[in-house]
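Reader: Could you take me through this model as you would read it yourself, giving the general idea before each case?

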Amino acid sequence: VGSSIDDQRRSAEDYQSQIAEKNAQLDAIKKQMDEHGAILKKLDDKKKDSATPGLLKEKDALRAQKKEKQDEIQVLWDEFKEANKKWKKNQEEWKTYKAARDKAYEAERERRRAEQKAAREAELAAKTPYEEEMDLCDYLVNYLTTSFLAEKKEEVVETKAADFSGFEGTAMIKNKGEDDYLSLGGGKKKKGKGKKGPKGAKGGKIILAIDTIETFSLLKLQPPATVDAVAATVEELKAKKEYFST
């Protein structure tokens, strides 16, 4: 029993020494805490005089403004996307309309071309074959006749009218240095210039315009070179017209 009590006493002394040691450690820790607290207090005092809190508040304000602007940007972006959708839809509708319009225009042009083609074919079908060539023959016959043959006929008529037989009081008189002339009823006929040939002819040769020569060439005929050849050319033109009409 006595040894047991001694053991307990020694155990209690050991606990007490351990407690004393722990108390000493706690005192050291408390001292350190007091020192650290003093340092923190000094830091807190410095923070009160520092610009950091104001900057932090300004940062928060700027962050709020940034958020507000971001929200506005998002709203504008959403509006743009909606407007862009409408624009794309409008573009698709315009393409569809334009394609339909162009197709209608092309169909109308084709219809008109077909109508014009049919009208031309009908006109050609109703038109007399070689009508233009026959008109050229008539034109040249009329031109040659009125320009050369008509005046030639007038010359023949005047020659026939120069037959003075049967007229009393008619005398042929020839003065010195003058040609014979006719005196009727004692009067005198004044001397005049010699009669000119047909217009467009010189010395019995015909002078034709380039267009007229080309017209003969189209009909594959030779134009007359002299006034005497006009009558034969007129007959050739009439025969050529008869050939075209058959």
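Author: Let us begin with a term: a residue is called buried when its relative accessible area is under 20%, exposed when that area is over 50%, and partly exposed in between. At 43% relative accessibility, Glu82 therefore counts as partly exposed. Please keep in mind throughout that this is a predicted model.

Reader: You began with Glu82; with which residue does Glu82 form a salt bridge?

Author: The general idea comes in two parts. Side chains of opposite charge can pair when their charged atoms come close. An α-helix has 3.6 residues a turn, so residues three or four places apart point the same way. In this structure, Glu82 forms a salt bridge with Lys85, and the closest N and O atoms of the pair are 3.9 Å apart; since a salt bridge is counted within 4 Å, this pair falls inside the cut-off. Lys85 and Glu82 are separated by about one helical turn, because they are three residues apart in helix α2. With 55% relative accessibility, Lys85 counts as exposed, while Glu82, as said, is partly exposed.

Reader: How many salt bridges does the structure hold, and which residue is the partner of Arg63?

Author: The structure holds 14 salt bridges. Arg63 pairs with Asp60, with 3.0 Å between the closest N and O atoms. Both residues lie in helix α2 (residues 52–126), three residues apart, which is about one turn of the helix. Arg63 has 46% relative accessibility and so counts as partly exposed, and Asp60, at 45%, counts as partly exposed too.

Reader: Which residues are linked in a network of salt bridges?

Author: Glu106, Arg109, Glu110 and Arg113 are linked in such a network. One of its pairs is Glu110 with Arg113, whose closest N and O atoms are 2.4 Å apart. Being three residues apart in helix α2, these two are again separated by about one helical turn. Glu110 counts as partly exposed at 40% relative accessibility, and Arg113 is partly exposed with a relative accessible area of 40%.

Reader: How should I read the sides of a helix, and which residues of helix α4 are buried?

Author: In helix α4 (residues 210–218) the buried residues are Thr212, Thr215 and Phe216. They cover an arc of only 100 degrees around the axis, which puts them on the same side of α4. The face turned away from that buried side carries the exposed residues Ile210, Asp211, Ser217 and Leu218.

Reader: Finally, is Ser147 buried or exposed, and is Met33 buried or exposed?

Author: Ser147, in helix α3 (residues 131–161), counts as buried because its relative accessibility is 15%; its side chain reaches the backbone oxygen of Tyr143 at 2.8 Å. Met33, in helix α1 (residues 2–49), has 56% relative accessibility and so counts as exposed. Together with Leu26 and Ile29, Met33 forms a nonpolar patch on the surface, with about 310 Å² of accessible area for the three together.

How values were computed. Residues numbered from 1 in each chain as written. Predicted model: local features only at pLDDT ≥ 70, side-chain atom pairs only at ≥ 80, totals over all residues. Heavy atoms only, no water. Patch = residues over 30% accessible without salt bridge, like charges linked within 9 Å, V, L, I, M, F, W, Y side chains within 5 Å. Areas by Shrake-Rupley, 256 points an atom, 1.4 Å probe, with all protein chains shown as cover. Salt bridge = Lys/Arg side-chain N within 4 Å of Asp/Glu carboxyl O. Helix = DSSP H or I, 4+ residues; strand = E, 2+ residues; numbered from the N terminus. Buried < 20%, exposed > 50% of the residue type's maximum accessible area, 1.4 Å probe, protein only. Polar contact = N/O pair within 3.5 Å; in protein donor to acceptor, adjacent residues only side chain to side chain. Arc of directions from axis to C-beta.
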